Every structure is written in C-alpha cells, then in structure tokens.
Amino acid sequence: MNRRTFLRHGVGSVAGLAALSGCIGTPGDSGQTLTVAAYSSFTGDGTAGNWLKSAFESENPETTVTFQTTENGVNEFIQRRSQGAPIDADLFVGLNTGELVRADQQLDDSLFAASGDRIDGSETVKSALDFDPAGRVVPYDTGYISLVYDAEEVDEPATFDTLLKPQYENELLTQNAEGSDPGRAFLLWTINQKGPDGYLDYWSQLTDNGIQILSDWGTAYEAYQDEEASMVVSYSTDQVYYHGDDVDISRHQVGFLNDQGYANPEGMAQFADADNPELAREFMSFMLSEKAQAEIATRNVQFPAVEGVDPGGDFGEFALEPPEAVTYSYDDLVGNVGGWIDDWARQIVSN
Amino acid sequence: MRAKASRLLPVGIAAMLTTLVVVFYYPVGSVLGSAISAGGRLTLDPLVAVLGDPFYTGSAHSLVTAPASLPGRFVAWVNAGMPAVDFGLFGFTAYQALLSTIVSVGVGLPGAYLLARFEFPGREFLRSVTILPFVMPSILVAVGFLAMFGRTGVVNDLLATVGLGPVNVVFTLEIVILAHAFYNAPLVTRLVTAAWESVDTRSVETARTLGAPPLRAFRDVTLPQLVPAILTASVLTFIFTFLSFPIVLALGGLQLATVEVWLFARVQNLELVEAATLGAIETALSLGLIYIYLRFEATQISTHGQGQLRSRLPLFAGWRSMLDPRRLGVFLYCLVAAVLFVGPLVSLVVESLTTPNGAFTLDYYAFLLAQQASAAVGTINPLAAIINSLLFGLGALALALPMGVLVSVVATHEGSGSRFAEALLTAPLAVSGIVLGLGMLRTLVFGTTVFGHRLTVTGPIAIVAAHAIAAYPFVTRNVTPALSGIDDRLVDAARALGADRPTVLVDIELPLIAPALIAGAAFAFAISIGEFDSTVLLAEGVDSATMPVALERYTANRSLGPNLGPATAMGTVLLAVTTGSFMLIDRTGRRWER
C-alpha cells in the first residue's frame, strides 16, 4: 500500500487496548486519485485491472488509479450504504444483472449514479448487452455460458431435452446458482427455455438423470478435467486456453444448446456519492475505447461489449460466439429472480 | 511480590475478555441479534418462521406450528410401523455429522494407539504432522480426493489391477464423510494420543500384577483415562461437521447441502434475518452440546498420579512379531491411513507437477517465482504470504496459549457455574464461520464513528487476535482434562509452602501437563495457518495476505489456463512450511518438557 492510499483510507492506530489495531478515518485529499472497487482477481500481475491502471495513468499523468478489492463483491457496498458506513470508491467494476437487481431491492436510494449517456462511447456498446434500464451500469465485457463436452464420450447435446436422455445420465456438471455466476446463468437459461412454470419440472428430470451441482466453476471444471463427467457448464471461450498440437481438442468441444448461449454481461457504474464523478466517467469511457476493449477481452478471456472490436490473437481465433445469445433483462429479473432461485434450491436440497 | 503476582490472573482474564468482546462477541452478537429482535423489540417471529418450516425441520415443524396435533401424529406414526422420519435440513445436517463423527473416531483411535503405544522410526515426525489436514484449504482437499477416489483415481486403478471396481463415490454422502474424517480423525488421534501418553504405567502394571489380562487392564485402567479425550474429540468433530461448509459442495454437490451451505447462500442474497436465525439455531445447538458434555466431563476425570509414563513397544521386533495380531492390525490400519491421509496429500503434490494432459511440468512453481518477482499492484508475493502466515501463527500461538490455560483454570475451579462459563468461553468453536465473518465485516471493517472519527479494527493485530480467538478453545480442550487430572495434594502442598496461585500454575501444574500444552500449541498454530475467512476480511490489501489467501487468489488466476495448478503449487508450499513448523513446535515443546 503506498503512502497516498495509506492517507486516503486514513489508517492510524489506537494505542491502549491490548489486541486492537485501529483506523481513524480522516477526510483525505482526494486530488486526482481515482479509486476503483472490484473483485480481487481484477487486479494483480498481468490482469486487465493493472493494464487499465498503467494505460490510464500514462494518458492522464496527474491521475493515480488505486484499487479497492472486496471478497464480497457488490454486497459489501450494499451493506456499507445500508449501514451508513463510508464508501471510499468512485466506481464499481464487475457488476452483473442479478447483482444490480439485488442492490436496488435492498436499498431505497440507488447505490449508483445514472451516467450512461454522459459517458463517451457508451453508445457503441452492443444494445443486446445493455441491462440497466436506468442507464447507470455500462457493460464492458460479456461471457457466454455454454457446455464444454468430451466428444469421445458423448455426442453433442443439441437441445435441453436431449440432456434428459439416458446416454447423458450422470454426465453433466453444473454449479450452484445461489453462489456461482455460470451456475446462475445456466439456471436462468433453463427458465428462459422452459418458462417460470416449467423449469422446476425440467430440473427434477435433470436431477433424476444425475446432474451434479457443485459449489463453483473451478471445482466443477476440475472434476470435469478429472473425468468425473463428460459435460460441464462453462464458457464458450474454452478453446482459447486449449488449442494446438499438444491438446486433445475433443475434450474441449463447446456445445451451444438450442444453438444458443446465455450472455452474462459484466458492467461498471459510478457510485452515487463518488468523490470524483467526472474522473470516474472518464475512466469508464476509457474502458470502452477500442484498445482497452481488446485488452480487457484477452486478459479477462471475455468478449468485448463494444460493437466491432476484434481482440485478435488467440482470443480472436479460438473464442466461439453462440449463433444466438439469450439473456434476461433487468425488468425480467426484478421481483422474480430471488423466488426462482430459492424455489430451485429448495427443490434440489429436498430431493 | 506475592500480592503483585496474584493480581496477574484477574488482569489476564480482563484483557482476554476485552479482546473476546471486541473481536468475537460484539461482531457475532451484531448479526445473531437480528434473529431475536426487530426494530429494537424482542421477537420470536424469525425463529418460528425457520423452526416451523418443514424444509428446515421436517416433521418436527409441527412442534412449532401445531403442537396440539403431536400426540395424534405420534400414534399414527406408530400405527404406520414407525417409518423413517424426515427432519429436514437440520435433520440431515445432524445425521451426516453423526456419521462423520463415528467414522472419524473409528479412523482416529487406532492412530492414537499406534502413536502412543509403539516405538518405530519416524514416530515423532508422524505425531507432529498428524494435524496437517487441519490447515488444508477445502479446494485442495477436493483436488486430492478426486485424484484418489475419483472415477479415474488411484484407488480405482488399484482395484482394477486386482479385478475389482470401479467404485463410484464422488458426489455421494460417502465421500463427504470420508473428507470429514480426513479433517477430523487427526483431531481424534492427536487429542487421544496426548491422553494416552499421560496414562500412569504404575496403575496399569498394578492391574496386571493383580492378574488382569491385558484387555481387562486396558478396559478397566487405561480406557477410563482416555474417555474424556475421546468424548472431547467426538463432540468437537460433531460440531465441526455439523457446521461443515465448503467441502460439502465441492465433493458432494447441492443435494447434500448442510445448514451452513444454506446459510451462506442466504448471506449472499443478503437475506440476513434468515441467515442470522439459522446461525443462532446452529450456535444454540452446538453450545448446548458443549455444555452437556462439560457437565459430563466434570464427573469423569479421575485424578491420576504423576507417575512414570509407559514405555512403548517396538513396532518391529523380528519377523515373528509381525504375526502378532496387534501388529497385524496396526499394519492394516497403516494401509487405510495411507489411502485416506497420505494419498490425497501426495496427489496434491503430484498435481502441482503435472499438466492437465498428464505431462511433467515445473510451470506452476515458475508461476510462484513470477508472482514473487512481480512488483505489480495487487500481486500477492508467495514469500511475503509465507512470512505473514508464520508471524500470525506465532502471534496467535503466543496469545492463544495463555488464553486457553486461563479458561482451563476457570473451568477447573470448583464452583457453581464454572462449566457454564467454560461453555460460553468455548463459543468460538460453536459459531458459524460465515456468521463471524459477516459480523466482522459489519462491525470491525465498516467501523463506527467515535467523536467524529471513523474507528475500524483491521490489519495484522486484528488478524492475530481473530486467529487467537479461533484457536484458544483447542488449547482449553487439551488442557482442561489434563489440569483437572492433577492430584490436588500437589497443589495444596505448594500453596501450604507459600506459593501463590500463578506460581503454582507456572511452576507445578504446567510442566505436569506438558503433552497437553504442546498438543494445544500445535492446534493453535494450525488453526492460525489454515484460517481464511477472517484473514481475508481483516487484511488491508495484499500486504497482510497469508498462504491460504494467496492460494485462493491463485485459483482465480487464469494466466496458465483454467486449472488449479498454481494453487496446488502454493498448497505444496503450504504443506512444506506447515510440516516444518509442526516439527519445530513439537521439538521445542519436548525440550521444555524434559
């Protein structure tokens, strides 16, 4: 932690109590420091976050970009707001539709400011990815949820209904929709296909056919690599990691059920009480520039959100886009998503 | 001098209680409070909502919703031939915890027998590393277990060579229970070994001289002295597996969800009242169990004199000795232990040297070196993480040992309420880690405004305090039985000769219970090294990151593709560093013991 952030977060120490370290917040000199809140893997050696920091700083020499990472994602800021604790960041990076719905449902006043049309370049974002009707969140990349399967073990499952056939028994791994992004996307995709009245019935058939629901993507993918099953819910970018002569490409086939993929766009938004709203918007605008979009895509291994950007390299060559992208909008999810997921989880656990 | 020294005890207790209140009771209370209060008023609504929901409590829900109907339902159930009753999520969680406890004790006890009663090369090393599983992050245990017990794992390969199998245990209750045994059987082994090693040889020999056959001497003399340790270990195992969380979803899947899994999901959805209610019920059940156990323990501990320790039998004494049924049993046990404990750990090391295609690689270690060399913002240096882990571990050890001994002194004090006090002071074992983490976030990390200043409690000292609080109950659970086993006459004699209470404690009692103290110290260190939830919350940026935090960050790093290679390399480092530390603790402890 450098000296500036040290002062900014007002870390001091309180003498006295035996086993305490303390921090005293003081209104710091914000100056030209932009604080970006993100999940912890956004920053670090070789990440999109670090590239953005150095590129933005070199274009704006008087500006310093610092990261405030959290283990709990946007939940930490929702709780800070509802408890009246300070939010020492200017913008949040890495927000998806479900999280925005949750933030709005928990708080009376929005956590984020409407700034969409004041951000240069926001009009270039693919409209299909735009998920915030109030114009607060601007998507900067997206993943497409799909199946990854082993072509030597199973035929490509063409539709959701084929997954119920005996040849796919005990062959599908997914993730807990309550805690995992791809798991949630897959569940929402099934609701999109089977309808809010039909998805539970479909899932009870999936369960009968031996679908396994693990905690997170990493665990499920590890189990897939250990050949515990021949299909795993994952991303359509799988072959970006796995291609070339020393790779058995049949184990990395991407399957688009019903010729679709479920889009899970990630967005960014300026906090309503940001110290540096203008700087935050400049940074967001920078993230939408063609150069930044290509870098974010290759470093995050996600598709650019801006129309017409080709990231090139391995990503350009090996990332597969579904013929048709489906996703639920904010308005579809609001008031529904909590109940959908809760009913689903209760059915799985009670089984 | 005497007056000054005797004031040390109350001062120590006051300092400890202050720390406990700030880093534990206040954060936990701030969360659990919402289970019983709303808008400043006491309410039972959240509890009734959970207990009256058949999803949570199954058939028992009518206890809350329609108590009057119970006798009728009971008669109907008996008439129906007493079919299996479903007790919902709580019922399933308790059921798997019970099975896990039985298996953990079954696997752990022979280990204690081997370590306490036999002499063989490497015995001390083996004893030092028994609690290694304690520090293993669940994601790596899952990796090791898949490699051992998976469809294409080592066990199935071995079975296939003798024409058996394959056995499919992945995603079943069986593998979750095995994983629970992996974590908890070492706890049983370590606790019971410490007790077994302090069994007085004279009492056993007296029994033998009076004509008791070995088995009878064991049953009547040795076993009663082991029962407190066995029961302590069982109660702890039950509580830990009752509160089990990440390993369940990693190896078993959502169908086998425990209450804690469900609680975590409620926290993620910010349904905090329901989460708090689940946490409060878990805590009440766990604390209740601890209290009942402590009441029982108080009646069990027999004073054992401070005689000679029994000499161990050589494990290898010529080829003929190999046919001895006891030794045969021990060898068979070693085979099981090799598969269950050594297997997953070795698999982890192997995975850290293997590409997804099965080829040898050093890439994952090169990754660690690259992280070490990098000065990029937000990068966790492995070496810094190792040093932090060791420093925090030492700090936690230094705090947890006196805290644990203090609680033991309170607990062994003859007086009404001392068992109740100990149960309350053992609460860190009985509270869900998720509830504690949420509480810390909302109080210590968010802070509070005092005289216009924002006061937060984070950073290294807060981390050490949090680790010490998670660890001291382990010291207490090792020390209390040993301390109450000391012959009162020794203490009385010292007091009569003019020694005050602290002097008696330090000069007489502690040296007498050295094995229990060393075991407690090793546990305290292990808890600190393995701790993740509080550490990651209280760390300010990457500067206070520990080995498990580094490991978790490396799992999300995709620079070498979507695999856990970098994490397994860091896990191997974690294993090596921890093994060295345990050996050092045991060696230092034993020098002091002599």
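## Chain B at a glance

Take the contacts in chain B between residues at least 6 apart in sequence: 79% of them join residues at least 24 apart. Bear in mind that this is a predicted model.

Chain B carries 28 helices and 6 strands. Its radius of gyration is 25 Å, close to the 25 Å that the globule rule gives for 594 residues, so chain B is as compact as a globular protein of that length. Along the principal axes, its C-alpha atoms fill a box of roughly 70 × 65 × 65 Å. Buried residues account for 49% of the 594 residues in the chain.

## The largest nonpolar core

There are 276 residues in the largest nonpolar core, and those touching the most other members are Leu91(A), Phe92(A), Met268(A), Ala400(B), Ala471(B) and Ala524(B). The biggest giver to this core is helix α10 of chain B (residues 173–197), with 16 residues. On the chain A side, the core takes at least three residues from each of domain 1 (3–142 + 265–318) and domain 2 (144–263 + 322–350).

Now for Phe92(A). Setting aside neighbours within four places in sequence, Phe92(A) has contacts with Ala37(A), Val74(A), Phe77(A), Met268(A), Ala269(A) and Phe271(A).

## A covered strand in chain A

Strand β8 of chain A (residues 231–235) is mostly covered, with 5 of its 5 residues buried. β8(A) pairs with strand β5 (residues 138–149) of chain A in the antiparallel sense, over 5 bridges. In that strand, Val233(A) sits opposite Leu147(A).

β8(A) also runs parallel to strand β6 (residues 172–175) of chain A, joined by 2 bridges. Here Met231(A) of β8(A) stands opposite Leu172(A).

Methods: Residues are numbered from 1 along each chain as its sequence is written. Chains are lettered from A and ligands numbered from 1 in the order in which they are written. This is a predicted model: local features need pLDDT of at least 70, side-chain atom pairs count only at pLDDT 80 or more; totals for chains, interfaces and linings use all residues. Helices (H or I, at least four residues) and strands (E, at least two) are DSSP runs, numbered from the N terminus. The radius of gyration is taken over C-alpha atoms; the globule rule is 2.2 Å times the number of residues to the power 0.38. A residue is buried if 20 or more other C-beta atoms lie within 10 Å of its own, exposed if 12 or fewer, and partly exposed in between; C-beta atoms are placed from the backbone. Two residues are in contact if their C-beta atoms, placed from the backbone, lie within 7 Å. A nonpolar core is a set of buried Ala, Val, Leu, Ile, Met, Phe, Trp, Tyr and Cys residues joined through C-beta atoms within 7 Å. Domain bounds come from an automatic or database domain assignment. Two strands pair if DSSP finds at least two bridges between them.
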